[in-house]
Amino acid sequence: MVVSGKGQAEANSEKLEIVRHSAAHVMAEAVQSIFPQAKFGIGPAIENGFYYDFDLPRSLTPDDLPLIEAKMNEIIASNVPFVRQEVTREEARQLFAAQPYKLELINEIADEKVSLYQQGSFIDLCRGPHVSSAGEIKAFKLVSIAGAYWRGDEYHPMLQRIYGVAFDTKEALAEYLEKLEEAAKRDHRKLGRDLDLFSIHEEAGPGLVHWHPKGAVIRYIIEGFWKDEHIKRGYDIVYTPHIAKLDLWKTSGHWEFYRDYLYSPMEVEEQEYIIKPMNCLGHILIYKTRLHSYRELPLRYAELGTVYRYERSGVLHGLSRVRGFTQDDAHIFCRFDQLEDEVVGVLDLARFMIDTFGFTNYQVLLSTRPEKYAGTIQVWEEATETLGRALTRIGLDYQIDPGEGVFYGPKIDIKFEDAQGRAWQGPTIQVDFNLPKRFNVTYIGEDNQEHLVVMIHRTVLGSMERFLASLTEHYGGAFPVWLAPLQVKIIPVADRHLYYARKLEAELKSEGMRAEVDTRSETVNHKIRQAQLDKIPYMLVVGDKEVASSTVSVRLRSGEQLASQPCDNFKEIVKSAIVNKVKELSL
RNA sequence: GCCAGCGUAGCUCAGGGGUAGAGCAGCGGUUUCGUAAACCGCAGGUCGUGGGUUCAAAUCCCUCCGCUGGCUCCA
């Protein structure tokens with residue numbers, strides 16, 4: 001039996017964190033030497049590196065970074081020791097008399113003693129630990145400057161933050177920077193343009209997505225799959241209008257709570273209407289067109305519903321954060337005693353979707369009661385426990401996100417990571433105690449009395465836009481065959497093979513495959529290169545040999561090449577890849 | 001929204017007070033080719049917008065719009 005405490009890897013990562021934290025202090029010393037008037041915020045280690053926040057007499061520009069780096073290198077070369085000492089809070093206050101942010105921090109420390117770390121001329125309030133001397137920082141680079149509000153509060157002053165990355169060795173640093181460059185190639189905004197999937201136009205407005213034919217094919221396939229799967233799982237597909245009277249949104253509370261996210265009302269025949277920011281109200285109206293017995297619950301209304309929300313200009317991001325998007329939405333109306341089974345059902349569906357589309361990098365979060373909430377604590381606790389039980393039943397590992405629930409109920413979020421490691425919320429399951437009450441959404445129970453339903457808002461993809469972003473980055477644009485906008489590119493060797501190539505194209509198309517002939521009078525090499533850049537799964541090169549023997553020569557986008565084979569054989573291979581939704585090309 | 005940076009041809013980018021450039025893509029020819037870029041030619045831009053400084057602005061200054069990276073936010 002192994003009795004040792006920490007594993008080697010864990011110890012290494014702790015050491016690296018200390019190095020990164022110390023690098024932040026060294027950077028602060030460098031900044032202090034350049035700007036003696038600098039006021040210091042905080043400077044922690046973060047994933048891959050560190051940052052430090054400064055209040056400086058002028059704005060930093062990227063040109064400042066090499067100067068600060070040079071200074072840091074001097075400090076590191078001098079190998080100054082990091083010295084820890086403890087002083088009383090009062091002594092610390094005197095020491096940091098000219099440092100308002102530090103004073104604020106000192107005042108919040110409960111202990112009578114506070115610890116300080118000093119290297120060279122720079123002394124900082126800090127819990128530590130640190131390296132013993134600056135020379136232990138082996139490889140770092142300053143990467144960017146950003147504004148950051150003091151203590152993350154937008155009503156506090158904005159400080160200047162410098163981000164750096166730091167690693168054990170120069171090689172590890174170079175490897176990391178290389179990885180960043182590779183990640184940029186997977187960025188859905190770049191691939192979206194290169195692969196002709198979508199565009200966003202200044203003329204039309206930021207955050208408004210135009211789906212090109214190739215992006216639209218992917219969406220169309222996903223939507224068809226999504227609808228079929230929902231019908232199989234007991235959902236009913238509905239459609240609701242894109243605008244509705246403002247009064248409806250006043251009743252729901254959205255006008256009061258989410259006004260900042262709503263587009264201004266438009267007047268129609270002296271009535272005010274708004275464009276919908278959510279689909280739920282339409283579904284509620286459908287539900288309420290008649291009385292419902294407890295026997296017919298749960299009812300599940302699903303809609304690929306397009307919504308519009310005003311997002312602040314600084315937060316828009318490709319397809320991941322937009323102002324108009326289509327949610328793969330559904331609302332489940334059920335009894336409280338059905339909640340757990342329903343959540344299990346949704347989680348099972350969400351996981352089925354995640355697996356089918358091949359995602360592996362995601363995290364599951366259970367968000368609990370926030371400070372401002374509707375309903376009673378008891379109901380909240382019951383519902384939160386129910387969500388937790390559902391997660392356990394389905395066997396999903398999850399973390400608690402305390403206080404991050406929506407005011408109307410707890411929720412489960414599934415977040416996908418993008419190419420640069422940023423997390424974006426995809427599937428979400430939210431329990432709602434608020435709307436059923438506000439709209440009096442009820443069923444008639446066994447006791448012949450009216451009871452409020454429990455509503456679940458849920459998506460299993462998130463939105464079509466964000467989902468395409470995630471999908472594109474996950475596959476680096478090389479979509480699985482069933483999703484690939486174009487599945488087969490037919491490449492005739494010379495013009496005399498065009499007839500045969502077109503016949504093949506027609507044959508494949510008639511069986512539902514997406515095939516196209518490259519009819520240009522270009523070299524075979526050129527056409528193959530183009531097909532490779534377009535990341536088309538299969539390329540069929542046809543020349544004299546193939547025409548003579550009625551075969552095709554298959555090249556995969558992996559570069560793998562296969563012997564000539566009968567066309568029927570190839571068709572079966574592609575069909576099976578489509579039907580089985582295979583993630584990797586294999587033959 | 002806030003801080004910083006950026007905006008030159010469809011794309012990637014050069015030029016930085018004195019007549020707007022390249023490669024790729026596009027178009028027209030020639031070439032008919034066997035698994036990642038044939039050759040020749042042509043065309044393509046109010047240098048994001050509006051204003052200012054100047055004899056002269058893509059270039060310097062300001063406004064706005066958009067994008068990028070952060071921050072805040074994200075029902």
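Biologist: Which helices and strands each supply at least two residues of the surface near RNA strand B?
Modeller: Three of them are helices: helix 6 (188-194), helix 16 (524-533) and helix 17 (544-549). The strands are strand 7 (139-149), strand 8 (158-167) and strand 27 (551-556). Keep in mind that this is a predicted model.

Biologist: Which one gives the most to that surface?
Modeller: Helix 16, with seven residues.

Biologist: And how do the residues of that surface divide into nonpolar, polar and charged?
Modeller: There are 23 nonpolar, 16 polar and 18 charged residues near RNA strand B.

Biologist: Which residues come nearest to the RNA?
Modeller: Ser313, Tyr408, Arg529, Ser553 and Gln561, out of 57 around RNA strand B.

Biologist: What about the bases? Which side chain has an N or O atom 3.0 Å from a base oxygen?
Modeller: That is Arg321. Glu522 also reaches a base: one of its polar side-chain atoms sits 3.4 Å from a base nitrogen of RNA strand B.

Biologist: Before I go on, what are the scores for the model?
Modeller: ipTM is 0.94 and pTM is 0.93. Chain A has an average pLDDT of 92, and 98% of its residues score at least 70.

Biologist: Change of topic. How many residues are in the largest nonpolar core?
Modeller: It has 60 residues. Those with the most contacts inside it are Ile222, Leu347, Phe357, Ile412, Leu461 and Leu471. Helix 11 (residues 339-357) provides the largest share, 10 residues.

Biologist: Take Leu347. What is it in contact with, leaving aside neighbours within four places in sequence?
Modeller: Ala390, Leu391, Ile394, Leu396, Ile412 and Ile429. Apart from this core there is another, of 31 residues, including Ala24, Ile68, Val80 and Phe82.

Biologist: Now Ser115. Buried or exposed?
Modeller: Ser115 has 13% relative accessibility, so it counts as buried. It is in strand 5 (residues 113-119).

Biologist: Which backbone oxygen lies 2.5 Å from a polar atom of the Ser115 side chain?
Modeller: The one of Cys126. Cys126 is also among the contacts of Ser115 beyond four places in sequence, along with Arg84, Gln85, Glu86, Asp124, Leu125 and Arg127.

Biologist: Another one: where is Asp64 found?
Modeller: In helix 2 (residues 64-78). Its relative accessible area is 7%, so Asp64 is buried. A polar atom of the Asp64 side chain lies 2.8 Å from the backbone nitrogen of Thr61. Further off in sequence, not counting residues up to four places away, Asp64 touches Arg58 and Ser59.

Biologist: Last one. Where is the place of Pro480?
Modeller: In the loop between helix 14 (464-475) and strand 24 (488-492). Being in a loop does not leave Pro480 exposed. At 3% relative accessibility, it counts as buried.

Biologist: What does Pro480 touch, not counting residues up to four places away?
Modeller: Tyr475, Arg557, Val582 and Lys583. As for Ile491, it is 11 residues from Pro480 in sequence, and their C-alpha atoms are 21 Å apart.

Technical notes
Residues are numbered from 1 along each chain as its sequence is written. Chains are lettered from A and ligands numbered from 1 in the order in which they are written. This is a predicted model: local features need pLDDT of at least 70, side-chain atom pairs count only at pLDDT 80 or more; totals for chains, interfaces and linings use all residues. Side-chain values use heavy atoms; hydrogens and water are left out. A residue is near a molecule or strand if one of its heavy atoms lies within 4 Å of it. A polar contact is a pair of N or O atoms within 3.5 Å; within protein, one must be able to donate a hydrogen and the other to accept it, and residues adjacent in sequence count only if both atoms are side-chain atoms. Helices (H or I, at least four residues) and strands (E, at least two) are DSSP runs, numbered from the N terminus. Ala, Val, Leu, Ile, Met, Phe, Trp, Tyr, Cys and Pro count as nonpolar, Asp, Glu, Lys and Arg as charged, and the others, Gly among them, as polar. pLDDT is the predictor's confidence in each residue, from 0 to 100. A nonpolar core is a set of buried Ala, Val, Leu, Ile, Met, Phe, Trp, Tyr and Cys residues joined through side-chain atoms within 4.5 Å. Buried means under 20% relative accessible area, exposed over 50%, partly exposed in between (1.4 Å probe, protein chains only). Contact means heavy atoms within 4.5 Å.
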